[in-house]
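The questions below go through the terms applied to this structure. Each answer sets a value against its definition.

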Amino acid sequence: MANTDAAFGFKPVGHALGLDWTQCVNPYYFAAGESTATFKYDLVSLAGSSDTLGEYPTIAQTAAAGAILGVVIGFSNTPYISADVTNLARKYRPASTAMYGWVVDDPFVIYEAQEDSADNDMDADMVGLATDIEVTAGNTTTGISKMELDSSDAGTGAGQMRILGLVRRGTNALGSYAIWRC
């Protein structure tokens, strides 16, 4: 059965040390000047400032080849709650909107992500190697990221993400749009 092309960003699924990844979530701040919309399961990077109180570092969507802080899993108008009670329908952070983001920021968290299969497909020989990410705008209807692993860059350098293995699931197989642990 062929894999489906349905990118979903970088979904946290485990921890390399056997810990609970849900204990690795911290609040960060998206400044109003950050002009890229951000979606659930987008990778983010530190942006070099903080909120007006100086308590929460600013973040921005990670660029291809950029340094990764972690993955954003939720948005709020305050740093104290994981859901924005003023807008329970909020699924993503619109561009140029000041907002807090809840980020899984532990470097030992394991993610699942789909490869983009742009120029080639990743294969079993790439497990243990690194690859960069492919940044694509997320889905404003679902609020879910469309970031993927860059299959054409796998194993060619330092890379942003380490490939840990193919996700063991009956609907996933080696080949185009495979889902990998990273």
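A residue is called buried under 20% relative accessible area, exposed over 50%, and partly exposed in between, with a 1.4 Å probe and protein chains only. This is a predicted model, in which local features need pLDDT of at least 70 and side-chain atom pairs count only at pLDDT 80 or more, while totals for chains, interfaces and linings use all residues. Residues are numbered from 1 along each chain as its sequence is written, and side-chain values use heavy atoms, with hydrogens and water left out.

Q: Why is arginine 169 called partly exposed?
A: Its relative accessible area is 38%. The term covers values between 20% and 50%, so arginine 169 counts as partly exposed.

Q: What makes the contact of glutamate 112 and arginine 169 a salt bridge?
A: The term asks for a side-chain nitrogen of Lys or Arg within 4 Å of a carboxyl oxygen of Asp or Glu. Here the N to O distance is 2.9 Å, so the pair meets the rule. The count by this rule is one salt bridge.

Q: Is glutamate 112 buried or exposed?
A: Glutamate 112 has 12% relative accessibility, so it counts as buried.

Q: How do you know that isoleucine 59 is buried?
A: Its relative accessibility is 1%, and the limit is under 20%. Isoleucine 59 belongs to strand E5. Its C-alpha atom is separated by 9.2 Å from that of tyrosine 100, 41 residues apart along the chain.

Q: Why does asparagine 26 count as partly exposed?
A: Asparagine 26, in strand E2, has 34% relative accessibility, so it falls in the middle class. Between the C-alpha atoms of asparagine 26 and glycine 48, 22 residues apart along the chain, there are 17 Å.

Q: What is stated about the phi of alanine 65?
A: Its phi is near 75°, a positive value in a residue other than glycine. Alanine 65 sits in the loop between strand E5 (57-61) and strand E6 (70-76). With a relative accessible area of 60%, alanine 65 is exposed.

Q: Where is tyrosine 177?
A: Tyrosine 177 is in the loop between strand E14 (165-166) and strand E15 (179-181). Its phi is positive, about 60°, although it is not a glycine. Because its relative accessible area is 24%, tyrosine 177 is partly exposed.

Q: What makes Leu17, Leu19 and Phe108 a nonpolar patch?
A: Patches take residues with over 30% relative accessible area and no salt bridge; like charges are joined within 9 Å, and nonpolar side chains (Val, Leu, Ile, Met, Phe, Trp, Tyr) within 5 Å. Leu17, Leu19 and Phe108 form such a patch on the surface, with about 320 Å² of accessible area together. That area comes from the Shrake-Rupley method with a 1.4 Å probe. Leucine 19 is in the loop between strand E1 (11-15) and strand E2 (25-30).

Methods: Helix = DSSP H or I, 4+ residues; strand = E, 2+ residues; numbered from the N terminus.
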